[in-house]
Amino acid sequence: MLFLALGVLLGLVASASSLDNGLMRTPPMGWVPWQRFRCNTDCKEDAENCISEHLFKTMADRLVEDGWRALGYEYVNLDDCWEAKKRDAQGRLQAAPDRFPSGIKALADYIHSKGLKFGIYTDLGATTCEGFPGTTSIAIERDARTFAEWGVDMVKLDSCFSSSVTRAKDFPRMSTALNKTGRPIALSCSWPAYDGGLPPKVNYTLLGRICNLWRNYVDIQDSWSSLFRIIQWYGNHQDVLQPAAGPGRWNDPDMLLLGDFGLSLQQAKVQVALWAVLAAPLFISCNLRTISDEEKSLLQNPLMIYINQDPLGIQGRRVIQTHLLEVWKRPLVNKQYAIAIMNSATKGRPQPFVTSPEQLGISDCKAGYRIYSVLERRFLGIYMPDALLRSRMPPTSALLLLLRPLC
Ligand code: GLA
């Protein structure tokens, strides 16, 4: 009896000290405001674009009515600047009353009523990056409880104005506190990004135990140079990063820029192709009311999503890098493969490109492979392992291929 009681007790302790929430077995998908709407709090002059309950309800409506939810884009997340400048009389976080007059619980209820999930943002510093109240050490348990009461499904915990020592202590504490609420709440840890992203300062084994996803590197900005820099960093450090990812624990190279101002349509293909192969979270961050049909069709591409959401959850790796081209490869279920080929050159002429399954290290199935050009939505044909596949790639562009064995 004593042993049993002890076992139960130990079990409880173990489950309370790790996230262990069974969430996000495939990379999360959804919408976040930050890239497009930043900290726009001016609802008098810019009512349609300020951070307010109106914006989040509108985006939830768009996700449902424009086919996003049906494809898996299910999270609607707050980011910075949702809060009032002060906590309430009981010391709880509260929303800016003028911009969220119905309060956060009502917003979460609305989002849930649409069959979507609701995410919130806070920060371990005295304030968030934009100067709103943060979740300091003494507030962790209380804020976790408040989030659970509101019906939050995901927390993004940022690290502006915190120290390495605080982060090492408080990320695990928040993970435990969320677990203790009894509500399944996913945790996104903006921790490694603030500690250089690499060991020995960053412990990816620990992150995998306490967080569902984590920002490894710098904030993405609305430009090709920012996107390219991030892709290079993930390629250069793949030996560390690639094994860290798996079902329930994802590297997060940051939000999608499609639908914003900075990428050409060709460059937009690079981001979706690479994010699919990297098993990256797919958080759209644009104005869903005005996104172009072309960009919408890239984000809603069913095979791109199929690759991203592959249940094995193996992050792809860069397998070829020349001064013009890179090839990234991701193994999928049933011996399928996804291949992203990026032409990062800015030479105006489309680059001729020749490869074969064999040259990509894919030759197990002697009967050949059905190859799809995912973003072009084209079936290219059946290729024997040594058959040549020829293509021409515009500057700063990508091809995403899916190889399905006939064996
Ligand atoms: C940090 C994060 C961003 C965003 C802003 C908000 O920079 O990395 O993703 O949340 O804070 O202030």
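Okay, some housekeeping. This is a predicted model, where local features need pLDDT of at least 70, side-chain atom pairs count only at pLDDT 80 or more, and totals for chains, interfaces and linings use all residues. Residues are numbered from 1 along each chain as its sequence is written, and side-chain values use heavy atoms, with hydrogens and water left out.

So, the ligand. Which residues surround the ligand? Among them are W34, D79, D80, Y121, K156, D158, R215 and D219, where being near means having a heavy atom within 4 Å. D158 has a side-chain N or O atom 3.0 Å from an oxygen atom of the ligand. For D80, a polar side-chain atom is 2.7 Å from a ligand oxygen atom, and for D219 the distance is 2.6 Å. The ligand on its own has 310 Å² of accessible area, and the protein covers 94% of that (Shrake-Rupley method, 1.4 Å probe; for residues, only the protein chains shown count as cover).

Now, the rings. There are 13 aromatic pairs in here. Rings of Phe, Tyr and Trp (its six-membered ring) pair if their centres lie within 6.5 Å; planes under 30 degrees apart are stacked, over 60 edge-to-face, and the rest tilted. Take W31 and F37: their centres are 6.2 Å apart and their planes at 55°, so that pair is tilted. F56 and F100 make a tilted pair too, with 6.2 Å between centres and 35° between planes.

Where do F56 and F100 sit in the chain? F56 is in helix α3 (residues 53-65), while F100 is in the loop between β2 (75-77) and α5 (103-113), 44 residues apart. Helices (H or I, at least four residues) and strands (E, at least two) are DSSP runs, numbered from the N terminus.

Are these two buried or exposed? F56 is buried at 0% relative accessible area, and F100 is buried at 2%. Buried means under 20%, exposed over 50%, partly exposed in between (1.4 Å probe, protein chains only). W31 and F37 are buried as well, and W31, F37, F56 and F100 form one aromatic cluster.

Conventions:
A polar contact is a pair of N or O atoms within 3.5 Å; within protein, one must be able to donate a hydrogen and the other to accept it, and residues adjacent in sequence count only if both atoms are side-chain atoms.
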